[in-house]
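Colleague: I would like to learn how to read a model like this one. Please take me through it feature by feature.

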Amino acid sequence: MTADIPNDVVDDAPLLEVRDLQVEFRTKAGVAQAINGLNFTLHSGETLAILGESGSGKSVTAQTIMGILDMPPGHIAGGEIRYRGEDLLQMPEEQRRKLRGMDISMIFQDALSSLNPVLPVGWQIAEMFRVHLGFNRKDARARAVEMMQKVGIPAAEKRVWDFPHQFSGGMRQRIMIAMAISLDPDVLIADEPTTALDVTVQAQVMSLLQELQMESRMGLILITHDLGVVADVADKIAVMYSGRVMESADVYTIYARTAHPYTKGLLDSIPRIDAEGEKLKAIPGLPPSLTALPPGCPFSPRCEFATELCREERPELREIAPGHRSACHHAEKIHAMSEEAQNEPA
Amino acid sequence: MSPRDPFENAETVLEVENLVKHFPITQGIVFQRQIGAVKAVDDVSFQLRRGETLGIVGESGCGKSTLAKLLMRLEQPDAGSIFFRGEDFLAVRGEQLRRLRRKIQIIFQDPYTSLNPRMSVGDIIAEPFKVHPEAKPAQGIRNRVKELLEVVGLNPDHINRYPHQFSGGQRQRIGIARGLALNPDVIILDEPVSALDVSVQAQVMNLLDDLQKEFGLSYIFIAHDLSVVRHISDRVGVMYLGRLAELGLDEEIYSGPAHPYTQALLSAVPVPDPTLRGQREQIVLKGDPPNPADPPSGCRFRTRCWKATELCEAEEPELTFHPGIGQLAACHYADTNEDVVAS
């Protein structure tokens, strides 16, 4: 049974469709199930946020879609990733390489270690045009300067020969973005694009990404752990835990009427800038080891609502309201609780 | 309508006045000559009172970690004074310095690199007693270590385990236990929860809160995350390029920031509530912070400030009170702005 996130934002055919994806890592300590049956769809012009803590499988998801997962130890155990209807996992490597950069592109968290330190940034951006479109050096460089201007790098013509270390963190991230969007991709995957940046610079980079998306109507997959950034930019959210989607819905539903105890716990445990500090409601315990997942719901050992059923049977991701899916046996109860909290006068 | 300061009458534990630390930039290999200085901390003054938490926020490179090192006397300041309970912390030497050092402890950001991987947890937490044998607990070191493990919410039976056997949040608890070992009065927390996941971060922050109440500790909480700082602090200082831009009660600063930099900082923090999209005034600053080795003349923020005039270029504003504003602000045109804060 495949369940995907229904889409209320755009109605055309999905750009990217992930179905029942399973990825494992075969290590000496055993098989770590990094992704266990992941489903989602992405439409053009849409921002899907994949939200999760470390070890929830969000970066592995990004790497699998891009086809840059280290294999071995990684191993795709099942599922499909359809881009415009075609399964990427069945495609020959030659064809996938053509898609990479042209159609599906990615921004990494750490721009300093993702850029080549011994080559000028202009050369690295121009490489996209030379390799994929066969531009000559001169034309490619002209386009690189254009891209640098587009992402707001001042004095781009002069700085095109500068090396990555000569740029600040925010500027480096802009260069990464310039590389990623240079060939006008349809899908952009941003893996924690602003985590390493200061707040004021984070705001600059996020608004740049939003502008670019508005302009080209690309689908954006934003991978992050930051509930604040997500609330500002996402259209829909998939909350991941232990390699599966725990809850998915549009952004307003997730924050106001969550139907999963994990999402509820996350929302309760963040300190708010617009509210005075009382005691935070922390989620007790730690995420389970991926080599030894509990037989039932992976969140059950930390869940205050867990019952015998949760410990024995793994809950499926099911629709509890139009467009709102939750993988919890007690989803209705949680949903009613958050509904009630919403209606309470503040 | 100014909010009350709950620590108004509390004893001053730490008094910092006009603290300055410049790092020289040198050129040449054999004959080194100084060609400039990074003004990491430049004329910073504040007081810390018993039981209080002073939050220091700022972006990378603003000098907040250097400030922590100065307060620990891990770096020697170029000018200024630090008084710990009336004693001149910078003048004391030898035995007296060792005695004072016991009272100020630090907890670091990265729980992976701040614990020696070859030492067992018991040895890590007992190490302060080796350095300060006079502080040896009466009930025996091992019993005290077990007690400390319990205080920070770890299993005392894990005393013989090694750091790699613990998760990030648990390691941070080990660091906290080590910081508590000598019964300090002041704990300096340098980004203590930045490396942790949200759900674990809340656990550690609650623990810090409980410990403060239980032992009457004073905290200096250094962080870049404004939400975290608001949650834990009683007063907040905002740093920019080595100077305090604004200092006051957290309520004053978060509900009516007076310095343009604080306003920009607060407006840039994403609030985890999608219904507030477009409701707040967003100030997106242009450019990056300037090079601390070569700060702009006059007000350091003027190159990114929308209010800057010739006065700002000519004259550096003092951190002082302004009419109608409860907190201290270092701006010629300080004026509270409530629109940047969601409420």
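Modeller: Start with the interface. Buried area is the accessible area (1.4 Å probe) that two parts lose on being put together, summed over both. Here chain A and chain B bury about 3,800 Å² between them. Carbon and sulfur atoms carry 55% of that area. This is a predicted model: local features need pLDDT of at least 70, side-chain atom pairs count only at pLDDT 80 or more, and totals for chains, interfaces and linings use all residues. Residues are numbered from 1 along each chain as its sequence is written, chains are lettered from A and ligands numbered from 1 in the order in which they are written, and side-chain values use heavy atoms, with hydrogens and water left out.

Colleague: How many residues does each chain bring to the contact?

Modeller: Contact means heavy atoms within 4.5 Å. Chain A gives 42 residues, and chain B gives 42 residues.

Colleague: How many salt bridges and polar contacts cross it?

Modeller: A salt bridge is a side-chain nitrogen of Lys or Arg within 4 Å of a carboxyl oxygen of Asp or Glu. That rule finds zero between chain A and chain B. A polar contact is a pair of N or O atoms within 3.5 Å; within protein, one must be able to donate a hydrogen and the other to accept it, and residues adjacent in sequence count only if both atoms are side-chain atoms. Six residue pairs between chain A and chain B are in polar contact, both residues at pLDDT 80 or more.

Colleague: Which elements of chain A give two or more residues to that side?

Modeller: Helices (H or I, at least four residues) and strands (E, at least two) are DSSP runs, numbered from the N terminus. The elements are α8 (199–216), α9 (227–233), α10 (251–256) and α11 (261–269) of chain A. α9(A) gives the most, with seven residues.

Colleague: Next, the sheet in chain B. What is its strand order?

Modeller: Strands of a sheet pair through backbone hydrogen bonds, either parallel or antiparallel. Two strands count as paired if DSSP finds at least two bridges between them. In chain B, seven strands form an open sheet, in the order β6-β7-β8-β3-β9-β10-β11, with mixed pairing. β6 and β11 (328–329) of chain B are at the edges; each has a single partner strand, so one side of each lacks a neighbour in the sheet. Strands β9 (residues 235–240) and β10 (residues 243–249) of chain B run antiparallel, joined by six bridges. Met239(B) has Leu244(B) as its bridge partner in β10(B).

Colleague: Is Arg102(B) buried or exposed?

Modeller: Buried means under 20% relative accessible area, exposed over 50%, partly exposed in between (1.4 Å probe, protein chains only). Arg102(B) counts as buried because its relative accessibility is 17%. Its place is the loop between α2 (94–101) and β6 (104–107) of chain B. The side chain of Arg102(B) makes a polar contact with the side chain of Glu134(B), at 3.3 Å.

Colleague: Last, the backbone. Which residues does the cis bond with omega about -15 degrees join?

Modeller: Most residues other than glycine have a negative phi, and most peptide bonds are trans. That cis bond joins Met71(A) and Pro72(A). Another cis bond joins Pro72(A) and Pro73(A), with omega about 10 degrees.

Colleague: What is phi for Ser242(A)?

Modeller: Ser242(A) has a positive phi of about 50 degrees, although it is not a glycine. Ser242(A) is in the loop between β9 (236–241) and β10 (244–250) of chain A. With a relative accessible area of 4%, Ser242(A) is buried.
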